[in-house]
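Here are my notes for someone opening this entry for the first time. Please keep the structure in view while reading them.

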Amino acid sequence: MLRKIRIIMAAIFFLGVTLLFLDFTGTVHAWLGWMAKIQFLPAVLAANVLVIAGLVILTLLFGRVYCSVICPLGVMQDIISWTRGRLKKKNRFRFSYSPANNWMRYGMLALFIIAIILGIHSLVAILAPYSAYGRIASNLFAPVWQWGNNLLADWAERADSYSFYSVEIWIKSMPVFIIAIATFIIVFILAWTKGRTWCNTVCPVGTILGFLSRFSLFAPVIDTEKCRNCGLCGKQCKSSCINMKEHKIDYSRCVACMDCIGACKEGAIHFALRYPVKPGMTKESHCHFDRDKRVEKSTDQSRRQFLTTSVLVITATALKAQDMKVDGGLADVSNAMAPQRRTPIVPAGSESLSNFNSHCTGCQLCVSVCPNQVLRPSSDLETLMQPVMSYERGYCRPECNKCSQVCPAGAIKPITKEEKSSIQIGHAVVNLKACVVNTDNVKCGNCARHCKVGAIRMVRKNPEDNSSPMIPVVNVEKCIGCGACENLCPARPLAAIHVEGNQKHRYL
């Protein structure tokens, strides 16, 4: 029964989180956005104390339930592993116990912590499980979903129905697309052959929760009186953490999937209280009392390791928090190229470039819901996989605040549509040498006509000559950096007017 409940809950979370990345309208987020906010690393970066406390308590009570139910990358591995078992029934029970690869686990965790402290955001994004799955979903699954939507839109249009509308399918960043493919291939191979190897050797979140799960109150326990040493539980354990020779379970690697309980024909494994209560001690707990005594010494050592690692993680988070405190389309845009901006543009609600970089995990959720094709993953090494704004395909409409509503990590904080219109994320800069007024000797004024806040006006190139052509002038104090002028500028390949980002956003 517990296994069935776990599978149902895992399916709900997996489908829900996946829909968040597939839904390009942003409507699903109103109902399921909380599923992204309870992911471990986004909750830590957003300083969401309630979520962090809830996940810690959940792990201390029931073990690594997060890894087998809430984490989409973990559930995806289970699906892959289960699929192989169904296709090759002879190899259904194919796992065997192997000692924990601690040097790899702790090494990856140390690397992760160092990356957080030094601000190596691309490495953090690669190792974070939720972000890794987000890139897989948005780069590999979403195009298939969008293709299906466009097919339905085409059929609906032929039937004079507009229930669906077509969306443009394009690769937003080739480096990030390649990283998503590589991650999927590696995770797939490991899950297909070794089950939960990624979770127990590479994933830093799995290692952190593994420390906590060593002291969980409830867990699968082995009744040595009923056990016949058939080995079925160990062969079913995709974490390879059941040592049948010694009747021990490595709870730091157990993800509480309950598969071992379902495999046991003798009912020798139960999800029960691990630590015996001396008054009225049950028979089952008595079977484990001696074992608990034997591992008491190693448990003390594990506790010290856990406290040390916790201090490192908390210190890294505190340092990043301290850094954040200091920082206080209507026209055809074919063949348009992105300019080289001195300062990247990040969405309204980010507060500053430093705040955005410190919090963003590169999960691509905001990229998935951007309706104007403005957000795309960065290809720069320093900010690789983190979203940046660019206006070749559209501009950031003042009435749209979808990205601020879906960010689970606090990189883009929630803002209202009214607030967005008064936040300056950048300012327009004119290059008169590239303006078609000068290059083609024609009248234009596109940038001024489409400026949403009236920050651009046309003036005489020569104020003393009434027949002089009109050129654009930007009032930096009024510009909010929406990019309508850049997007609608007819100059090619580079627009004659572009937006430079602000290091720190300001209210007008």
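1. A word on terms comes before the rest. Buried means under 20% relative accessible area, exposed means over 50%, and partly exposed is in between. By that cut-off Asp259 is buried, and Lys238 is buried too. Bear in mind that this is a predicted model.

2. Start with the charged pairs. How many salt bridges does a search of the whole structure find? The total is 15. One of them joins the side chains of Arg3 and Asp259, at 2.7 Å from N to O. Arg3 belongs to helix H1 and Asp259 to helix H14 (residues 259–263), so this pair ties together parts that are 256 residues apart in sequence.

3. Lys238 sits in the loop between helix H13 (232–236) and strand S2 (242–243), and Asp259 in helix H14, so the bridge ties together parts that are 21 residues apart in sequence. Look also at Asp250 and Arg253, whose closest N and O atoms are 2.8 Å apart in a salt bridge. Arg253 counts as buried because its relative accessibility is 4%. Which residues do shared partners join into one network? They are Arg3, Arg6, Asp78, Arg196, Lys238 and Asp259.

4. Leu2 forms a nonpolar surface patch with Met1, Ile5, Ile8, Met9 and Ile12. Together these residues have about 610 Å² of accessible area.

5. Now the rings. There are 12 aromatic pairs. Phe21 and Tyr130 make a tilted one, with 5.9 Å between centres and 50 degrees between the planes. This pair links distant parts of the chain: Phe21 is in helix H1 (residues 2–22) and Tyr130 in helix H9 (residues 129–158), 109 residues apart. Both residues, Phe21 and Tyr130, are buried.

6. Is the pair of Phe188 and Trp192 stacked or edge-to-face? The pair is stacked, at 5.5 Å centre to centre and 15 degrees between the planes. Both residues lie in helix H10 (residues 174–194), 4 residues apart, which is about one turn of the helix. Phe188 counts as partly exposed because its relative accessibility is 31%. Phe188 and Trp192 also belong to one aromatic cluster with Phe14, Tyr133, Phe141 and Phe184.

7. Two arginines lie over ring faces. Arg274 is over the face of Tyr251, at 4.0 Å from the ring centre. Arg393 is over the face of Trp170, at 3.8 Å from the ring centre.

8. Check the backbone next. Most residues other than glycine have a negative phi, and most peptide bonds are trans. Gln364 has a positive phi of about 75 degrees, although it is not a glycine. Gln364 is in the loop between helix H17 (353–359) and helix H18 (365–369), and it is buried because its relative accessible area is 2%. Gln373, not a glycine either, has a positive phi of about 60 degrees. Its place is in the loop between H18 and strand S5 (375–377). Gln373 counts as buried because its relative accessibility is 14%.

9. Arg492 and Pro493 are joined by a cis peptide bond, with omega about 5 degrees. Pro493 is in the loop between helix H23 (484–488) and strand S10 (497–507).

10. Phe112, in helix H7 (residues 102–118), is buried because its relative accessible area is 5%. Leaving out residues up to four places away in sequence, Phe112 touches Leu41, Val124, Leu127 and Pro204. The C-alpha atoms of Phe112 and Leu123 are separated by 7.4 Å, the two residues being 11 apart along the chain. Thr343 is in the loop between helix H16 (296–326) and H17, and counts as buried because its relative accessibility is 13%. With residues up to four places away in sequence left out again, Thr343 touches Leu353, Glu500, Gly501, Asn502 and Gln503.

Technical notes:
Residues numbered from 1 in each chain as written. Predicted model: local features only at pLDDT ≥ 70, side-chain atom pairs only at ≥ 80, totals over all residues. Heavy atoms only, no water. Phe/Tyr/Trp six-rings, centres within 6.5 Å; stacked < 30°, edge-to-face > 60°. Helix = DSSP H or I, 4+ residues; strand = E, 2+ residues; numbered from the N terminus. Buried < 20%, exposed > 50% of the residue type's maximum accessible area, 1.4 Å probe, protein only. Lys NZ or Arg CZ within 6 Å of the ring centre and 35° of its normal. Patch = residues over 30% accessible without salt bridge, like charges linked within 9 Å, V, L, I, M, F, W, Y side chains within 5 Å. Areas by Shrake-Rupley, 256 points an atom, 1.4 Å probe, with all protein chains shown as cover. Salt bridge = Lys/Arg side-chain N within 4 Å of Asp/Glu carboxyl O. Contact = heavy atoms within 4.5 Å.
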